[in-house]
Amino acid sequence: MTDSTGKQTPPGMQAMYAAGQAMAQGFFEALARQHAAMQDSSGLAAQKLPLPEAEALGAMQKAFAEKHAALWSAMLARKGGEAGEPVVQVEPGDKRFNAPEWSESPVFDYVRQAYLLNAGYLRQMAEAMPIADGRAKARIQFLTRQYIDALAPSNFAATNPEFIKTAVETKGESISRGIQNLLGDLEKGRISMTDDSAFEIGRNLALSPGSVVFENELMQLIQYAPLTEKVAQVPLLIVPPCINKFYIMDLQPENSLVRFAVEQGNTVFLVSWRNPRPDSGGHFTWDDYLEQGPLAALEVVRSITRNKKPNVLGFCVGGTILTSALAVARARGEDPVSSLTLMTTLLDFADPGELGCLVDEAGVAAREAAIGKGGVLKGQELANVFSFLRANDLVWQYVVGNYLKGNKPAAFDLLYWNSDSTNLPGPFLTWYLRNMYLENNLRVPGKLRMLGQKIDLGKVNMPAYLLAAREDHIVPWKSAYLARNLLGGDTTFVLGASGHIAGAINPASKNRRSYWVSGAHPADPDEWFEGAEEHKGSWWLHWAEWLRAYGGKQVAARGRLGSTKYEPIEPAPGRYVKERA
């Protein structure tokens, strides 16, 4: 074997090159097995996995071998007590190898850097595969990341120096604690991300005062008590996602969007979805969620406030449900609301983010056969999917901390909410997956029927405020932007910093991060961003000012919640939100 100058490649380099070829071969075979199990939206078996071009593959393998040879030489040349110059750097934000033990020991420094080289090599391989289908390419890259993340040396006792140091310092007690933590989590059926005993809904979570004023099989409707003497005449109805629970919007007073909206002088109502039980909640359909969710809630809000056109806000899939319900109302000839706010919501599913790459014809068909006519998708299964979208942060970090180091996770309200999973009815879920994620039917006027009406989002023509998050991996911001091309009214698009949750729940009390706004309305999101202006702080304040224009005149706040027809049933947050999956 010779290099580019014609000289004979040293035996060590040849061995590294061969190792790279073997790794690539094994990697391609593993991916091919996964890929073959997938089907496209037509129901046909996935095509044979295409490999990178031979010339590109050879160049990558050569570079891989050279870097490994350099790493081996650097380790041999390193003198005791000296810090070595790294051959490969840890990516920004990767905290797995921050502890000094990784760099102080030549052996563990080598293990760490060898892993990083291998990980980069496999990512290059996945990127170089000539796959034209964007969703199939995203699936390959997702599978590659799972493979890489799972095999990190930080995840295993024998290759993690932090485990060894902690075990020595605690004289083995950390190992005993880790085993106890593992047994406890096995009993719970999930990895502990926070101290569950530190939180209780209604005690230190979901604290905004109010009352449940209506309930049906699918939801309770909460009306919140006013915090100002005057309120906007037009009330606000909030529809959160039915995946996880509503109190992401009302965690604690300082980070509660609900409380913020009330403090801004709004009469706020909120839908609290029920957690469907396997024995009694598995029959609900998409139409049921529209009829017994937003449409039922709007009727109650109108009756209590005597205002015919409330303002409405939907978050994530709650926004998709809410917009669909408004489309049904418009198809019936109704003029249902004054304004619409959508937070990180998809209406056009052409690029549905990382979740989309996991939805294929075979998987949806299997779900339809299993629970499409009745039954539930268990909350923990759904939670696991979301966790593995960010496996290093939401899985492996806790495997290392809880089991290898024997630590107890700290109390964190957001992670408590994240672990409080919800079931989903099979008929609702399978309809949603097929018609949104798989076939992207919602964007096509007249393609879908809901509650007997042909749906056209172009008839949803009230003013709309659209919030997306720049680093959102569940609802990519450019996909959220496409709603502007579907809705029939004037739209204001705002892009928040950070991800799906942190970008949306960015409390005005802390006024951190930033957001981008622009008065332009181009069809292309990149063109919009080029002309957008960045503003420091929370987008909540910008939204509150926008909403004020649709609130009507100021009136005296009501002294009582509910009405003669809709008497308060129980104090907020109600009992539905407390039901565990």
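## Basis of the model

The model is predicted, and local features need pLDDT of at least 70, side-chain atom pairs count only at pLDDT 80 or more, while totals for chains, interfaces and linings use all residues. Residues are numbered from 1 along each chain as its sequence is written, and side-chain values use heavy atoms, with hydrogens and water left out.

Helices (H or I, at least four residues) and strands (E, at least two) are DSSP runs numbered from the N terminus.

E55 lies in helix α2, residues 54–77, and is exposed at 71% relative accessibility. The C-alpha atoms of E55 and A77, which are 22 residues apart along the chain, are separated by 33 Å.

## Aromatic rings

Rings of Phe, Tyr and Trp (its six-membered ring) pair if their centres lie within 6.5 Å, and planes under 30 degrees apart count as stacked, over 60 as edge-to-face and the rest as tilted. By this rule there are 28 aromatic pairs. Among them is the edge-to-face pair of F97 and W102, with 4.9 Å centre to centre and 90° between the planes; F97 is buried at a relative accessible area of 3%, and W102 is buried at 0%.

One aromatic cluster is formed by W273, W286, Y289, F349, F428, W431, Y432 and Y437. The charged end of R470 sits over the ring of W516, 5.0 Å from its centre; this description requires NZ of Lys or CZ of Arg within 6 Å of the ring centre and within 35 degrees of the ring normal.

## Cysteines

A search of the whole structure finds 0 disulfides, a disulfide being a pair of cysteine sulfur atoms within 2.5 Å. The cysteine sulfur closest to that of C242 belongs to C316 and lies 9.0 Å away, too far for a bond. C316 is likewise in no disulfide, its nearest cysteine sulfur being that of C242. C242 is buried at 4% relative accessibility, and C316 is buried with a relative accessible area of 17%.

Notes: Buried < 20%, exposed > 50% of the residue type's maximum accessible area, 1.4 Å probe, protein only.
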